Amino acid sequence: MKQLLVLFTAALTLTSCQSKPNRPSVPTPSTGAVATLQRINASAYECWRGDKAFKAYGIIPELDTTGTPRILIIPKGKPQSLPKLVITAQGKSVQTFGPLAQSPLAPRINSDVARWAAGGAGCTA
């Protein structure tokens with residue numbers, strides 16, 4: 001019986017010394033990036049949705065992902081297609097890329113997105 005008690009005590013001691021397994025950390029988007037993209041999304045929806053220059057596109061926000069939050073501009077009615085513009089943020093720093101970022105609409109897109117990211121409002125005429 002004494003040996004059993006010694007073995008039990010040793011087993012408890014060993015298990016308490018073991019480190020807990022490392023859980024992989026899940027990256028979470030910063031609240032600053034999400035807030036910035038929420039402003040951009042609301043303004044883009046308000047300004048671009050009814051604009052002739054953007055009539056062929058839909059706006060898909062992906063703000064609650066575990067990775068980098070982003071806004072996708074895709075061909076309207078084709079949710080499975082590749083985005084024509086991707087807007088991402090890290091804090092208040094915003095990046096745009098994709099075919100529309102290299103198109104004649106790029107200066108307007110960049111101006112609108114920069115204004116909205118900085119907290120400004122309004123639509124470009």
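Which residues form one aromatic cluster? Trp48, Phe54 and Trp116 do. The views below come from a predicted model, in which local features need pLDDT of at least 70 and side-chain atom pairs count only at pLDDT 80 or more, whereas totals for chains, interfaces and linings use all residues. Residues are numbered from 1 along each chain as its sequence is written, and side-chain values use heavy atoms, with hydrogens and water left out.

**View 1. The open sheet of four strands.** The strand order is β1-β2-β3-β4, with antiparallel pairing; strands (E, at least two residues) and helices (H or I, at least four) are DSSP runs numbered from the N terminus, and two strands pair if DSSP finds at least two bridges between them. At the edges stand β1 (57-62) and β4 (93-97), each of which pairs on one side only. On average, neighbouring strands of this sheet are turned by 15° against each other, direction ignored. Axes are lines fitted to C-alpha atoms, for helices over the stretch in contact, and angles run from 0 to 180 degrees between N-to-C directions.

**View 2. Strands β2 and β3 with the packed helices.** Four bridges join β2 (residues 70-75) to β3 (residues 85-90), and the two run antiparallel. Arginine 70 stands opposite threonine 88 in β3. Helix α2 (residues 31-48) packs on the sheet and touches β1, β2, β3 and β4, where contact means heavy atoms within 4.5 Å; the direction of α2 makes about 150° with that of β3. Helix α3 (residues 106-117) also packs on the sheet, touching β3 and β4, and its direction makes about 155° with that of β4.

**View 3. The two aromatic pairs.** Rings of Phe, Tyr and Trp (its six-membered ring) pair if their centres lie within 6.5 Å; planes under 30 degrees apart count as stacked, over 60 as edge-to-face and the rest as tilted. Tryptophan 48 and phenylalanine 54 are stacked, at 4.4 Å centre to centre with 10° between the planes. The rings of tryptophan 48 and tryptophan 116 have centres 5.3 Å apart and planes at 55°, so this pair is tilted. Because tryptophan 48 lies in helix α2 and tryptophan 116 in helix α3, the pair ties together parts that are 68 residues apart in sequence. Tryptophan 116 counts as buried at 0% relative accessibility; buried means under 20% relative accessible area, exposed over 50% and partly exposed in between (1.4 Å probe, protein chains only).
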